[in-house]
Amino acid sequence: MSTKQNMLDKVGSFCVCKIKDVRNGSGNTIMQILIYNNNGLGLYSRPFIESFEETPMLVAVLTYMGYGILTIFGYLRDFLRDWKIERCHVAREREEQRDFVPLYQDFENFYTRNLYMRIRDSWNRPICSVPGAKVDLVERVSPDYNWTFDYTGKVVEGVINMGSYNYLGFAENTGYCADASAEVTMKYGVGVASTRQEMGNLDRHEEMEELVAKFLGVESAMAFGMGFATNSMNIPALTGKGCLILSDELNHASLVLGARLSGSTIRVFKHNNMQSLEKMLRDAIVHGQPRTHRPWKKILILVEGIYSMEGSIVRLPEVIALKKRYRAYLYLDEAHSIGALGPGGRGVVDYFGLDPRDVDVMMGTFTKSFGAAGGYIGGRKELLEYLRSHSHSAVYAASMSPPVVEQIIASMKCIMGEDGTTLGRDRVQQLAENTLYFRRRLTEMGFIIYGNNDSPVVPMMLYMPAKIGAFGREMLKRNIGVVVVGFPATPIIESRARFCISAAHTKDMLDTALSVISEVGDLLQVKYSRHKRLIYDQIQD
Amino acid sequence: MGSPQVVRVGNNTSARLILNTWPLVCAPAYHLVLEGILILWIIRLLFSKTYKLQERSDLTEKEKEDLIEEWQPEPLVPPMSKDHPSLNYDIVTGPPSHKIIVNGKECINFASFNFLGFLDNERVKQKALTSLRRYGVGTCGPRGFYGTFDVHLELEDRLAKFMKTEEAIIYSYGFATIASAIPAYSKRGDIVFVDEAACFSIQKGLQASRSFIKYFKHNDMEDLERLLKEQEIEDQRNPRKARVTRRFIIVEGLYINTADVCPLPDLVKLKYKYKVRIFLEESMSFGVLGEHGRGVTEHFGVNIDDIDLISANMENAVASIGGFCCGRSFVIDHQRLSGQGYCFSASLPPMLAAAAIEALNIMEEDPEIFAILREKCKHVHKALQESPGVKVIGEAYAPALHLQLERSSGSRDTDVKMLRSIVDYCLERQIALTLARYLDKEERFLPPPSIRVVVTIEQTEEDIEKAASCIREAALAILK
């Protein structure tokens, strides 16, 4: 198999990147590796390697066929259920309300009834221990093909947890953080019963916000009780009618909802594609608002640090360069990347070695790397003052629970090294090592892995609908808990299994997991990748 | 045209050519002319200049660069004046319980929604601690991906049993509960009838749902019936559309903005008459109204199956964090896949769920607390009546009352300043009160400025007397 180096591509007017086409025997491009390094213009201080191998043609055809067969069977089963030949488990409307307008369209639920129900046991698996590197699952069986579940009363112990967002391993019930939270629980209680602007502003909240601001390297920060709500309640406070929001194709539902609730015009640019973004910025400024051609009041770019379904990292140096050139504002959602990227665990800004003051609004969540709950927004002082008085959450929603606040303070101090130990730094390093190792081994085995080499979110492609359920079940039989995702969270033929690496995973656990994945991969024939050599070998320039 | 004749043709190309073109020549003249014109037209179109129908940019590159250089955006946030009233928060040191330390002064708490006093309850704290030692703090995932704990399932079960419904679903944030529930059922094209005094989270849920919203005057059943009749007439004009348009009425049990109760039996009558579904928001009435604290349905003796969805948050009476919806499985199960705040957000930390379960235990063991709370509410309501210059807004049994100015000065800012000085006066004398906060520009029907007075079960007679006299003095001193 030969590699052919393409001509140097111009990306926007700034960065020069090399795109390597990896071709198979018959000369067709099966993968593109994007490499940015110092040989270009110095925007990137380290190589940026992302790969999204194309779906093999045969697999795509078989996947469509699979969905087609499932749809036909779905119609057949609906027909049987309507004619009472088959017992109907679907909940029905009340007798007294029979003549009301139906609450759900039959078609809306077609997918749920006929496809989702078949593999419903892959999701919502209840657990009964700390969601750490190993977890205990509550055993459940279904006597009627996933319509109802019975709990046998037994517990499946020691399942290796590759599904929880526990990047730095702070999901623990012992240790410094847990002790601090326990103390606060007994002293402060669990609830607050008031909003931030009324009687719910505790001194611990202010202390936590100062700490968050210090951690991020920004002037000021504010925390909210729910990560989803942080986006959906604060984006409307920042933009309104007459503003433009440029949002990435694969943004999270909370960003999309926030953008919609704000009432601004939304334009979507192709995922992580800087040419598309630049073109939209230029068009927006040159042509102004549609039809009236008035200039836009402001332009806000919404991107995420790590995209959790693709495993890709945002091209932040270029986005910042574009934002500065065209005077737009940048809203960076670091839900998955805070704590997980960067030599100090400070997120994607740290990873690229950039200045946090270049990002106008730094948003993130505490759920993933800090083992707590909630979200934050950091930025300049003026921004935070405005949000303190105009954010929907500050006025109408209850403030954060004190033990959760304490967990955030304790874990953040640990990562920053302020608790006197090197535990935080060790964990960040361990996560980076685990990520590189896991990704390398999976690629060597021949699976198709999406995303950036440094991202701890590892999506592995399965494609076919039957393999989604099969993969989840086979892995659970061998005591590994994984997350599988299908439509509608992903495009219909690109179903995947998603692994989340944690600093709490030891090398032994990863090796066990890898051998099991390889075994199941052979069993289900999901090793689709058409190049068996290391990607790294290709980059010998 | 003549019938085909068998003509022997050799290798003669010209003869073959003639044979092939014979039908062409024999065709009628108009046919040939028409086809000739079409061919000429196609040739013309192929060679003519193409132009786009969209915005045609006649701008040169230089002009575009100039426009880009000149464009100045607004600042990301408008500048705030230093003395904006909502900029300076009151700081609470220590636990926000009955005796609360606000801005360094220990006060009696008349501001937190701690109706049943569970914020400080030892049993609740102990249970939360046990849960923390077992599960840690966070759940590290949404409900679908290893974020479902057995505690969550237990809490959902207990809530469903407590409210006597089939199923319940938990959210991790009170605000997001009704704001995610409404768009899961009501989509573009559906019609929602909402009370004017509905709280902000309902308004956000309605905005996210993109449905038609019709507001009726607060607690005015005639106005609602008028709107429903108009809709009926609309329906008769277009029966096909009416068959697929869903209709909902959204009301609150005890309104947070006006502290009065909705006329539920009348609403249920309207429901069956006009075939509209009812969604009931019970954040303030759950754990307050009714003999066993089941809310406004128990208060009025309405069959709970008549209400399609009951939503409440657990941040008031239950003194935990989060919210829940309960109702029939047919209705609630849908949210497990379509409720945005449920599917795309991390689940409730298990220690908070354990605290809620313990609070429910106490509520079930000891139903007298509800009667005691109602007594105290009546007491406070009566005691505040004698304050000059302020009027009490709310029912006698509502635990969260509003004190509004009897005569407004005309400007909202001045009113707010006056009420704030009353609050500060009371804080000085160790009574913790708070102004009711709203987002002035975002609320649809902005309520008048008011002070929130919350009754909790832990307040004693002396506390209530002290508070009432303090407010009276404050009103006399400031509003003279």
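Buried, as used here, means under 20% relative accessible area, with exposed over 50% and partly exposed in between (1.4 Å probe, protein chains only). A:Tyr463 sits at 0% relative accessibility, so A:Tyr463 counts as buried.

## The model and its confidence

This is a predicted model, in which local features need pLDDT of at least 70, side-chain atom pairs count only at pLDDT 80 or more, and totals for chains, interfaces and linings use all residues. Residues are numbered from 1 along each chain as its sequence is written, chains are lettered from A and ligands numbered from 1 in the order in which they are written, and side-chain values use heavy atoms, with hydrogens and water left out.

The scores are ipTM 0.89 and pTM 0.88. For chain B, pLDDT (the predictor's confidence in each residue, from 0 to 100) averages 89, and 94% of the residues score at least 70. Residues 1-5 of chain B stay under 50, and the model gives them 2 contacts beyond four places in sequence; contact here means heavy atoms within 4.5 Å.

## What the record lists

UniProt has "domain: Aminotransferase class I/classII large" in an unreviewed entry for residues 158-517 of chain A, and an unreviewed entry lists that domain name for residues 106-469 of chain B. UniProt positions are given in the numbering used here, feature names are shortened, and annotations may be inferred rather than shown by experiment. In the model, residues 158-517 of chain A come out at 43% helix and 16% strand, with the end C-alpha atoms 17 Å apart. Residues 106-469 of chain B are 44% helix and 16% strand, with end C-alpha atoms 18 Å apart. Helices (H or I, at least four residues) and strands (E, at least two) are DSSP runs, numbered from the N terminus.

An unreviewed UniProt entry also lists residues 29-47 of chain B as "transmembrane region". The model makes that span 100% helix and 0% strand, with 28 Å between its end C-alpha atoms.

## The three-stranded sheet of chain A

Chain A has an open sheet of 3 strands in the order S16-S19-S18, with antiparallel pairing. S16 (457-461) and S18 (483-485) of chain A stand at the edges with a single partner strand each, so one side of each has no neighbour in the sheet. Neighbouring strands are turned by 30° against each other on average, direction ignored. Two strands pair if DSSP finds at least two bridges between them; S16(A) and S19(A) (residues 496-500) have 5 bridges, and A:Met461 has A:Arg496 as its bridge partner.

Helix H13 of chain A (residues 423-445) packs on this sheet, touching S16 and S19 of chain A, and its direction makes about 10° with that of S16(A). Helix H14 of chain A (residues 465-477) lies across S16, S18 and S19, running at about 175° to S18(A). Axes are lines fitted to C-alpha atoms, for helices over the stretch in contact, and angles run from 0 to 180 degrees between N-to-C directions.

Most residues other than glycine have a negative phi, and most peptide bonds are trans. A:Tyr463, in the loop between S16 and H14 of chain A, has phi near 65°. In the loop between S18 and S19 of chain A lies A:Pro488, and the peptide bond from A:Phe487 to A:Pro488 is cis, with omega near 0°. Over in chain B, B:Cys140 has a positive phi of about 55°. B:Cys140 lies in the loop between H4 (122-135) and H5 (150-163) of chain B, and counts as buried because its relative accessibility is 0%.

## Where the chains touch

A:Ser164 is in the loop between S7 (150-161) and H3 (176-188) of chain A. At 2% relative accessibility, A:Ser164 is buried too. Leaving aside neighbours within four places in sequence, its contacts are A:Pro131, A:Cys500, B:Cys140 and B:Tyr146.

A polar contact of 2.9 Å also joins the side chains of A:Ser164 and A:Asn161. Such a contact is a pair of N or O atoms within 3.5 Å; within protein, one must be able to donate a hydrogen and the other to accept it, and residues adjacent in sequence count only if both atoms are side-chain atoms.
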